Amino acid sequence: MLEGLKDKVGEWLRGGPDGDVVVSSRVRLARNIAAFPFLSKASRQQVARVEELVRNAVLSCNLCADLTYCRLDQLDPLLRQLLVERHLIGRDHATSDWVRAVAFCADERLCLMVNEEDHLRIQVLCGGLRFEDAWREVNEVDDVLAQVLPFAFSARFGYLTACPTNVGTGMRASAMLHLPALAMAREIEKVITMAHARQLTVRGLYGEGTHASGDLYQVSNHVSLGVTEQEVLQQVSGAVSEIVSLERAERQRLCDQHSGELKGRIDLALDLLVGATAVSSEEALHLLSQVRMGVEINLTPQVRLETLNKLLLLTLPAHLQTMEGRRLEAVQRNELRAVCIRERLG
Amino acid sequence: MSEEQEERMCQECGQREATIHLTEFVDGQPVPSHLCEQCYSEKPGLPPLSSAKVLEQIVGAIAPELQKLGGKQCPECGISYLEFRQGLRFGCPEDYEVFSEPLDDLLKRLHGSNRHTGKVPQGAAQQGSTSLRLAMLGREMERAVSREDFEAAARVRDEIKKLERDDARGAQG
């Protein structure tokens, strides 16, 4: 049943406003059930009871058509990894060992995590820059669930969370951005400094520190208390819009001053991808990023953004192995990755 | 969290096992540090460790907030403030009130604020949670009275009054 995910495309992958730079927007709310301890001090029975309470609430509330509810502690590790790759659960949620679950709608916009770091996390993921849409949906789900689940809340501190970094609104708003031009111009540090000044975090989606494989970055708020939900959205949205302008300006400059070199580099990336018999995940991320920029600046009209988004997921390890129906060694994955890319780009 | 701590080496010398684990904040991000006793004692400005009073010394050195609290524990989940500061995870929702004094400082450092200004849960299930909290506070007040800590009892009584006021205000919409 979950294996079927590999054949589908989450709605967010289809792109959206400012999709030439913003891959996706996400809003997440953290909630805990009143009168239960947080996960670090809950007994196994209490953890199981929380899962049961939340499951009953989620399944009875008719949140969307075609909801999949899945117990992670009973799931094959490879399928758990698949869910991580699709941004439906975090790495920790995949690997912890207590009773926990995830529920998501068919289009993968709405996702609920049960017993991750908090009892419940509600998340909506949209393509492009669409914080208002994501907020509207996640807020509605929060209100519906509040009819049946008592949330741990104090007038003074707001929604009470296991970690004080999430207390208050319990809200994390983040955007995934593709910034190849700024990375090339070594301007990412400037972006990070600008974000820090607005109490926002910038980190590479794949890779360590400021080197982001595939030039993909995540911008998010880290302040959740003493701000309203709208203020958080405005802060993140505003900063993202500015970064989008910076990236577009830099792309324009590259096109104006180095168009030959740029086209050469992008064409080479496409040729390498189509002609390779084996591609590592690092190489794939790097080359796909080049081609993606080509599409974003209209130099590579023969490739669609949606195809590249699909490839972003399909070339990841768990997706590849799920496609084959078995575990693969790195060498085999690299070969399968090349086949997968060639089929879609060739 | 304990699995990560068990086999960690000191990040200063890399040779001895780290037995002192702290979590500080830099730019809103939690930054863990793990030190062995020797490197800890070599750090300037910190009081020396003695085997008899190790915990007290560490608590005193980490931050003024910990010095105030000593080994205070949450009566509901049993977590101590030191345990919280090591793992940066609370044990239960009550901890926010139990440790509210040092928490004010920590929250100001994390968020630039210590008061919630955002959404308030509305829904049939939410009334229940207030009465659950009132029940817990009532028990806490009884415990304070029975150990003749009338100052603490008075503080909890004020909390109860405030909660009842907020609840009534919320109900008025």
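A residue is called buried when its relative accessible area is under 20%, exposed when that area is over 50%, and partly exposed in between, using a 1.4 Å probe and the protein chains only. By this rule, 60% of the 346 residues of chain A count as buried.

Good morning. The structure shown above is a predicted model, in which local features need pLDDT of at least 70 and side-chain atom pairs count only at pLDDT 80 or more, while totals for chains, interfaces and linings use all residues. Residues are numbered from 1 along each chain as its sequence is written, chains are lettered from A and ligands numbered from 1 in the order in which they are written, and side-chain values use heavy atoms, leaving out hydrogens and water.

Let me begin with chain A as a whole. It has 11 helices and 10 strands; these are DSSP runs numbered from the N terminus, with helices (H or I) of at least four residues and strands (E) of at least two. Its radius of gyration is 21 Å, close to the 20 Å of the globule rule for 346 residues, so chain A is as compact as a globular protein of that length. That radius is taken over C-alpha atoms, and the rule is 2.2 Å times the number of residues to the power 0.38. Along the principal axes, the C-alpha atoms of chain A fill a box of roughly 65 × 45 × 35 Å.

What of the interior? In soluble globular proteins, nonpolar side chains tend to be buried together. A nonpolar core is a set of buried Ala, Val, Leu, Ile, Met, Phe, Trp, Tyr and Cys residues joined through side-chain atoms within 4.5 Å. The largest such core here has 60 residues, and A:Leu112, A:Leu145 and A:Val240 have the most contacts inside it. Apart from it lies another core, of 23 residues, including A:Phe157 and B:Tyr81.

Two single residues deserve attention. A:Gln147 is found in the loop between helix 4 (131-146) and strand 6 (153-154) of chain A. Is A:Gln147 buried or partly exposed? It counts as partly exposed, because its relative accessibility is 42%. Between A:Gln147 and A:Thr277 there are 55 Å, C-alpha to C-alpha, and they are 130 residues apart in sequence.

In chain B, B:His34 has its place in strand 2 (residues 29-35). With a relative accessibility of 5%, B:His34 counts as buried. Leaving aside residues up to four places away in sequence, B:His34 is in contact (heavy atoms within 4.5 Å) with residues including B:Arg8, B:Cys10 and B:Ile20.
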